[in-house]
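Here's a quick briefing to read with the model open beside you. Take a look at the fold first, then follow the side chains.

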Amino acid sequence: MTRPERPEVPAVTTAASANRSGTITVRATDQGIPVEIQFERGEYRYGAQALADEILRLTKRSAIVARSRRREQLAEAGVPDTMLDRLGLPTRQAAVDELDRLDDADTGQTSWTRRS
């Protein structure tokens with residue numbers, strides 16, 4: 001008797017997030033580790049702190065999405081919901097809600113216009 005094949009779960013789950021203008025993109029793992037950062041040269045003009053803040057914000061967003069994907073992958077592989085909850089992996093809806101909260105809490109610069 002053979003066992004039914006289960007989907008293979010990758011060792012690392014990643015997701016990417018970009019800023020609204022698409023000039024900064026960060027790919028991070030479900031553990032919140034950035035594995036790829038891309039940004040256009042023009043982002044330098046806003047200063048190092050603004051760039052660092054945006055990279056951190058996008059890293060958090062990417063990690064939330066990656067954790068949600070990880071939950072879906074493990075669920076497809078047969079891991080029970082109770083275990084996924086204990087691992088702290090958000091459902092798709094919980095991830096959307098968390099992303100909304102993150103965006104609402106973003107008190108960063110709303111305009112790139114420099115003040116004199």
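Let's start with a charged pair: Asp103 makes a salt bridge with Arg57, their closest N and O atoms sitting 3.6 Å apart (a salt bridge here is a side-chain nitrogen of Lys or Arg within 4 Å of a carboxyl oxygen of Asp or Glu). Asp103 belongs to helix 3 (residues 92-105) and Arg57 to helix 1, so this pair ties together parts that are 46 residues apart in sequence. Keep in mind that this is a predicted model: local features need pLDDT of at least 70, side-chain atom pairs count only at pLDDT 80 or more, and totals for chains, interfaces and linings use all residues. Residues are numbered from 1 along each chain as its sequence is written, and side-chain values use heavy atoms, with hydrogens and water left out.

**Overall layout**

- The protein chain has 3 helices and 3 strands; helices (H or I, at least four residues) and strands (E, at least two) are DSSP runs, numbered from the N terminus.
- Reading from the N terminus, the order of elements is β-β-β-α-α-α.
- Of the 116 residues in the protein chain, 28% are buried (buried means under 20% relative accessible area, exposed over 50%, and partly exposed in between, with a 1.4 Å probe and protein chains only).
- The protein chain exposes about 8,500 Å², and carbon and sulfur atoms supply 49% of that area; accessible areas come from the Shrake-Rupley method with a 1.4 Å probe, and for residues only the protein chains shown count as cover.
- Take the contacts in the protein chain between residues at least 6 apart in sequence: 55% of them join residues at least 24 apart (contact means heavy atoms within 4.5 Å).

**Helix 1 and its partner**

- After helix 1 comes Gly78, with a positive phi near 100°.
- The axes of helix 1 and helix 3 come within 9 Å and cross at roughly 170° (axes are lines fitted to C-alpha atoms, for helices over the stretch in contact, with angles from 0 to 180 degrees between N-to-C directions).
- That makes the two helices roughly antiparallel, a label used for angles over 145 degrees, while under 35 counts as roughly parallel, 65 to 115 as roughly perpendicular and the rest as oblique.
- Residues of helix 1 that meet helix 3 include Ile64 and Val65, and those of helix 3 that meet helix 1 include Leu99 and Leu102.

**Charged pairs**

- The whole structure holds 9 salt bridges.
- Asp103 also pairs with Arg61, at 2.8 Å from N to O.
- This second pair again links distant parts of the chain, with Arg61 in helix 1 and Asp103 in helix 3, 42 residues apart.
- Glu54, Arg57, Arg61 and Asp103 form a network of salt bridges.
- Arg57 counts as buried at 16% relative accessibility, and Arg61 is buried too, at 18%, whereas Asp103 is partly exposed at 31%.
- Elsewhere, Arg27 bridges to Glu36 with the closest N and O atoms 3.7 Å apart; Arg27 is partly exposed at 30%, and Glu36 is partly exposed at 35%.

**A buried threonine**

- Thr29 lies in strand 2 (residues 24-29) and is buried, with a relative accessible area of 8%.
- Leaving out residues up to four places away in sequence, Thr29 touches Val12, Thr13, Thr14, Val35, Ala63 and Ala66.
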